[in-house]
Amino acid sequence: MQIKASAPSSVLLVCLGNICRSPTAEEIFRQQAAIAGLDIKVDSAGTGDWHIGHAPDVRSQRHAKSHCYNISKLVARQVDDEDFRKFDLILAMDGQNLADLQALKNSIKDTSDKPLAKLALFTEEDPTYGGDDVPDPYKGNGDDFEDVIERIESSAQAWIESWKAM
Ligand code: 4NP
């Protein structure tokens, strides 16, 4: 399969806490990229610092497991300046995450030749959920955690498809 030149070599998925949406997205994105034969480094982080060092929320782990995604070994961390140098593309789970990431990017003094990571909303390429937030399930119920998985599967697939030749 021919791969478009625009496929990034590294993608960082970002939400608020890095314990619900973005670790789920990290595993789903990694699996979908591997299935598509794309060699992409995938990681996740949060804009907030409350959960640094924590495993994903047990509800996220449970719902992910029921869809055959194992996120139990992932460890939360906070996004930082270096991520904008290390990654080609940073995808935000919602509009607030995107605004926070944009503010962080704007504050970085870029001294290297390599451009800072491109920023986008995670749903941007998705024909079904395009432009929507992946809603924060933290204070929600089981249906909200299921909804997160469905939206992430859909939007991850849309990015992967956008990088494959027609
Ligand atoms: P996430 O969900 O951003 O999808 O990881 C949240 C997790 C924790 C909090 C908020 C959202 N919190 O306020 O602690």
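In this predicted model, Cys68 sits in the loop that runs between helix H2 (58-66) and helix H3 (81-86). The phi angle of Cys68 is near 70 degrees, a positive value in a residue other than glycine. Most residues other than glycine have a negative phi.

**Residues with positive phi**

- Cys68 is exposed, because its relative accessible area of 66% lies above the 50% cut-off for that class.
- Asn18 belongs to the loop between E1 and helix H1 (21-35).
- Asn18 is buried, because its relative accessible area of 2% falls under the 20% cut-off for that class.

**The sheet**

- Four strands form an open sheet in the order E2-E1-E3-E4, and their pairing is parallel.
- Strand E2 (41-46) and strand E4 (118-121) stand at the edges with a single partner strand each, so that one side of each is left without a neighbour in the sheet.
- On average, and with direction ignored, neighbouring strands of this sheet are turned by 25 degrees against each other.

**Strands E3 and E4, and helix H4**

- Strand E3 (residues 89-92) pairs with E4 in the parallel sense over four bridges, and Ala92 has Leu121 in E4 as its bridge partner.
- Helix H4 (residues 95-107) packs on the sheet, where it touches strand E1 (10-15), E3 and E4, and the direction of helix H4 makes about 165 degrees with that of E4.

Methods: Residues are numbered from 1 along each chain as its sequence is written. This is a predicted model: local features need pLDDT of at least 70, side-chain atom pairs count only at pLDDT 80 or more; totals for chains, interfaces and linings use all residues. Side-chain values use heavy atoms; hydrogens and water are left out. Two strands pair if DSSP finds at least two bridges between them. Helices (H or I, at least four residues) and strands (E, at least two) are DSSP runs, numbered from the N terminus. Axes are lines fitted to C-alpha atoms, for helices over the stretch in contact, and angles run from 0 to 180 degrees between N-to-C directions. Contact means heavy atoms within 4.5 Å. Buried means under 20% relative accessible area, exposed over 50%, partly exposed in between (1.4 Å probe, protein chains only).
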